[in-house]
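Please keep the viewer open as you read.

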Protein chains: 2
Amino acid sequence: MNGAESLVRSLAASGVEVCFANPGTSEMHFVAALDKVDSVRGVLCLFEGVVTGAADGYARIAGKPAATLLHLGPGLANGLANLHNARRASSPIVNIVGDHATHHTRYDAPLTSSVIDFARPVSAWIHTSQSALSVGADAARAVQAARAAPGQIATLILPADTAWDEANSVASALPVQGPLPVDSAHIERILQLLKSAKRPSLLLRGDALKAPGLHAASRIAAATGCRILCDTFAPALDRGRGIPEVERIPYFSEQIVDFLKDTTCLILVGAKPPVAFFAYPGKQSWGLPAHCKIDVLSHPHEDSPGALAALADGVSSSRKKSTLVPFKGVEAAGHTLGPTTIGHVIAKYLPERAIISDDAATSSAGVLAATRSAAPHTHLALTGGSIGQGLPLAIGASVAAPGQKVVCLSGDGAGMYTLQALWTMAREELDVTVVVFANRSYRILNIEMERVGATPGKTAAAMFDLSNPEMNWAMIAAGLGVESCRTASISDFEKHFADAMARKGPHLIEAVF
Amino acid sequence: MNGAESLVRSLAASGVEVCFANPGTSEMHFVAALDKVDSVRGVLCLFEGVVTGAADGYARIAGKPAATLLHLGPGLANGLANLHNARRASSPIVNIVGDHATHHTRYDAPLTSSVIDFARPVSAWIHTSQSALSVGADAARAVQAARAAPGQIATLILPADTAWDEANSVASALPVQGPLPVDSAHIERILQLLKSAKRPSLLLRGDALKAPGLHAASRIAAATGCRILCDTFAPALDRGRGIPEVERIPYFSEQIVDFLKDTTCLILVGAKPPVAFFAYPGKQSWGLPAHCKIDVLSHPHEDSPGALAALADGVSSSRKKSTLVPFKGVEAAGHTLGPTTIGHVIAKYLPERAIISDDAATSSAGVLAATRSAAPHTHLALTGGSIGQGLPLAIGASVAAPGQKVVCLSGDGAGMYTLQALWTMAREELDVTVVVFANRSYRILNIEMERVGATPGKTAAAMFDLSNPEMNWAMIAAGLGVESCRTASISDFEKHFADAMARKGPHLIEAVF
């Protein structure tokens with residue numbers, strides 16, 4: 001057994017089942033080791049941003065880390081933007097980054113770079129393996145680090161000789177530091193605060209946004225009248241019919257301020273205080289009114305669902321009924337093709353337990369509003385603001401939950417960053433339907449240009465315009481092996497979307513509006 | 001005038017004429033400023049790896065920096081791999097990276113990251129602007145830093161408020177630290193060394209590989225019998241009919257050792273000692289024989305062409321004629337479509353002063369051999385080993401030299417990393433012909449797997465196989481607005497290549513073999 005095999009077997013022993021990979025020469029032994037360990041599935045991606053985004057999507061759905069396999073510093077570098085998004089989602093990920101053999105580094109060959117420096121801005125844990133004899137133990141430690149609540153990014157740098165030298169051990173899984181319980185006295189204190197506050201709100205993030213946490217939060221709301229909030233971009237949110245609704249904080253600075261203006265007390269449940277996404281001249285970055293008190297029910301690494309349940313038990317002795325999203329008929333789609341009408345179609349056909357990967361930028365709000373009472377589903381948002389997350393995330397979600405339909409909503413601008421993901425969807429025959437909102441522009445930038453007080457002239461306007469030349473997403477998808485179509489009317493869109501929901505496998509629908 | 005306008009006008013005053021851009025909200029004022037400064041051309045790219053690769057290609061041909069415009073840490077991160085390649089090419093580049101407004105950073109909004117940490121591994125100079133009042137001066141300094149011989153990467157981080165606050169000045173260009181002259185006594189010493197050494201070689205890099213340096217080197221070779229060498233991957237090499245030929249050091253470790261085995265003395269001309277690209281178990285990383293002496297005619301930041309010319313004057317009083325690549329007829333293409341036959345077709349039709357951007361991996365050697373006596377042209381190689389450089393590089397080269405035909409050779413694996421480049425080629429109507437070598441695999445990895453002594457099983461082999469599904473590059477290119485075709489025979493390829501050479505504008509030819 002060489003170091004690579006020791007590593008892969010140790011990852012498997014620690015519960016890693018998937019490796020999203022874009023390997024190179026220095027990772028050859030790792031790739032060969034994948035052959036010998038059936039329990040780790042290798043998923044080839046043609047660009048590293050797809051690799052890391054897929055690992056993020058996998059983590060959000062599976063609740064545990066996949067491994068990535070990346071080729072030296074530049075390979076890691078290509079994956080950094082989606083690792084930034086994953087870090088903001090507190091997704092557990094184990095990066096395996098191949099590097100030159102230890103004795104080769106001194107020669108400063110063309111691919112030499114400081115891998116550790118590339119890793120630092122996104123990694124909570126970094127280690128360079130010293131020997132094939134310890135690489136198995138390093139792998140177990142990397143998984144442990146990644147799984148530390150609420151989840152974080154662990155990067156293990158693997159010099160080629162630590163992969164090819166002889167090894168002799170497979171490391172067992174190490175204990176995982178799960179979410180810490182919240183002290184009952186602390187919960188009692190928050191309970192009193194909630195009862196005494198005038199207009200309190202709970203801001204939920206992380207596991208609190210799964211159905212059990214939402215049900216508990218809803219009982220608290222019913223008993224105390226407090227608002228239940230979530231961030232504009234939550235890593236994973238259960239929503240739809242029969243699930244208590246949570247109010248999403250809006251995107252723009254002045255909307256946030258208005259939305260929160262009456263809040264006298266904000267209680268954080270695995271969340272941070274709400275702030276504006278960007279600064280704007282003369283506008284406020286801080287979302288809360290000056291007089292608003294902030295308290296913390298649970299930190300991100302603590303057991304938010306448990307704390308919510310205990311809090312709910314404390315407040316809701318009255319057993320007031322909590323409010324769920326009603327089972328009501330889905331609205332007619334309307335006549336014009338656009339985010340809202342597309343949202344109505346999605347709401348009509350979305351199967352239960354579907355997963356929505358949302359990288360639709362300006363088109364997202366319309367879909368979110370329209371799918372409010374769709375069948376219960378999980379919504380994954382762009383957590384770090386680096387567009388190009390949606391398509392890879394859909395891959396990971398689908399690999400984690402092969403029995404669930406994944407719908408990926410992508411802007412045409414956003415999708416272009418990681419379009420290579422389509423090839424992997426085809427290769428792995430993933431049950432993903434991609435909807436591309438083809439508005440032929442970086443639409444958000446047209447809006448932002450005005451908001452920051454800049455005056456766009458002809459050149460500037462051209463910088464947000466994606467219509468010259470027009471992309472043909474249906475053709476691009478077909479070129480990457482994904483069945484695709486192009487629609488310009490809502491009736492046509494409905495026909496194709498209904499069909500995609502009724503069948504398995506990857507589809508792309510380009511909605512031109 | 002705001003900070004952004006002060007910045008753009010200062011860049012222009014320092015000779016920056018092009019800005020390759022992928023902007024976001026924090027860069028809106030910079031974009032608006034581009035409207036007001038006609039002398040800086042904004043070129044929109046849909047992914048940051050295209051932005052930075054284009055800036056590299058521009059620098060290699062124009063010999064001066066373009067600016068990039070990147071969106072915060074993740075935007076820079078997406079551009080890092082091609083900045084790694086650019087760093088290895090000693091290409092001057094000025095990165096402008098927008099960041100949050102100074103007062104917004106403390107809120108740790110979703111897109112917040114440590115931009116400076118992302119910049120560090122690839123940048124020789126980094127600075128964060130403090131005020132709109134000094135941003136113009138910062139720009140002038142950034143250009144000065146980028147232009148310091150032999151060329152380097154300067155990264156200027158621009159907080160949004162330093163762009164939108166009021167400014168009042170345009171900075172003048174600062175003096176550029178060009179290549180330092182080599183002392184004549186030192187040249188005399190090398191001259192004696194050359195005369196006394198048994199089997200000396202000159203290893204050239206940088207400006208030494210342009211025609212004047214090659215002519216001087218060729219005179220030295222004629223007079224002394226020394227070999228003239230270049231690295232496997234040279235940033236820019238003039239070659240073809242009428243230009244003295246240089247021996248390219250081969251790629252694989254054992255080939256290098258064999259190639260250099262008789263060298264008793266290696267004289268570096270802007271180059272570093274030759275080493276293996278990767279380490280292999282039991283193989284040598286160091287390329288030279290143990291007994292070989294190393295001396296330096298010129299360091300990378302020194303005037304290599306000048307030193308070569310002086311050396312040539314010293315040795316060649318005999319006026320022996322130097323050897324040029326002969327003007328001979330181009331060989332017939334042969335019957336099977338493949339790198340060599342494609343190379344013969346390229347050699348037949350390549351116009352004078354064409355630029356070849358080569359990211360063709362295993363297909364490159366065949367083309368290089370076949371184009372040995374093509375019309376004089378400049379060859380740009382993958383300098384940092386991070387594939388996905390070729391298409392962006394072609395953009396930059398074409399923007400720098402609009403009157404010259406650019407031919408981009410790309411592997412199908414390599415091209416997939418930055419295929420968004422095709423859209424910019426169409427948008428800017430660049431005179432680029434892309435040849436995709438569609439061998440449907442990471443072919444190099446099949447070779448490397450064997451060489452590193454690993455045994456590929458079924459899973460491993462699948463990790464290098466790009467045939468499931470088959471990509472259709474012709475369709476992808478059409479979807480991105482580029483005229484394209486697919487060829488499976490050499491006669492068909494010849495027809496399409498001849499046609500592309502006869503016309504202007506972007507074309508893509510997918511060669512399936």
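Phe30(B) sits in helix α2 (residues 28-36) of chain B; helices here are DSSP runs of H or I with at least four residues, strands are runs of E with at least two, and both are numbered from the N terminus. Because 29 other C-beta atoms lie within 10 Å, Phe30(B) is buried. The scale behind that word is this: 20 or more other C-beta atoms within 10 Å of a residue's own make it buried, 12 or fewer make it exposed, anything in between is partly exposed, and the C-beta atoms are placed from the backbone. Leaving out residues up to four places away in sequence, Phe30(B) touches Ala4(B), Leu7(B), Val8(B), Pro23(B), Leu69(B), Ile96(B), Gly98(B) and Ala163(B), where contact means C-beta atoms, placed from the backbone, within 7 Å. For Val8(B), which is 22 residues away along the chain, the C-alpha separation from Phe30(B) is 7.3 Å.

A word on the source: this is a predicted model, in which local features need pLDDT of at least 70 and side-chain atom pairs count only at pLDDT 80 or more, while totals for chains, interfaces and linings use all residues. Residues are numbered from 1 along each chain as its sequence is written, and chains are lettered from A and ligands numbered from 1 in the order in which they are written.

Gly79(A) belongs to helix α4 of chain A. Is Gly79(A) buried or exposed? Gly79(A) counts as buried, since it has 34 C-beta neighbours inside 10 Å. Setting aside residues up to four places away in sequence, its contacts are Glu48(A), Gly49(A), Val51(A), Thr52(A), Thr68(A) and Leu70(A). Pro212(A), by contrast, is 133 residues from Gly79(A) in sequence and 33 Å from it in space, C-alpha to C-alpha.

Now for some helix pairs. Two packed helices are described by the angle between their axes and the distance between the axes. Here axes are lines fitted to C-alpha atoms, for helices over the stretch in contact, and angles run from 0 to 180 degrees between N-to-C directions.

| Helix pair | Crossing angle | Axis distance |
|---|---|---|
| α12(B) (residues 339-349) and α20(B) (residues 490-502) | roughly 30 degrees | within 10 Å |
| α9(A) (residues 211-224) and α11(A) (residues 304-315) | roughly 30 degrees | within 8 Å |
| α3(A) (residues 48-62) and α14(A) (residues 390-400) | about 45 degrees | 6 Å |

The pair α3(A) and α14(A) is therefore oblique. Angles under 35 degrees count as roughly parallel, over 145 as roughly antiparallel, 65 to 115 as roughly perpendicular and the rest as oblique. The crossing of α3(A) and α14(A) is right-handed, meaning that the near helix is turned clockwise from the far one by less than a right angle, with anticlockwise being left-handed. The residues in this contact divide into 13 nonpolar, 4 polar and 2 charged; Ala, Val, Leu, Ile, Met, Phe, Trp, Tyr, Cys and Pro count as nonpolar, Asp, Glu, Lys and Arg as charged, and the others, Gly among them, as polar.

α9(A) and α11(A) are therefore roughly parallel, and their crossing is left-handed. Their contact has 11 nonpolar, 3 polar and 1 charged residues.

α12(B) and α20(B) are therefore roughly parallel too, with a right-handed crossing. From α12(B), Thr341(B), Ile342(B), Val345(B), Ile346(B) and Tyr349(B) meet a set in α20(B) that includes Phe493(B), Phe497(B) and Met501(B).

Some backbone details deserve a look. Most residues other than glycine have a negative phi, and most peptide bonds are trans. Leu72(B), in helix α4 (residues 72-88) of chain B, has a positive phi of about 55 degrees. Ser90(B) has a positive phi of about 50 degrees and lies in the loop between α4 and β4 (93-99) of chain B. A cis peptide bond joins Ala149(A) and Pro150(A), with omega about 5 degrees. The bond from Asn468(A) to Pro469(A) is also cis, with omega near -5 degrees.

Finally, the chains meet through 83 residues from chain A and 83 residues from chain B. On the chain A side, helix α4 (residues 72-88) gives the most, with 8 residues.

Definitions and conventions
Contact = placed C-beta atoms within 7 Å.
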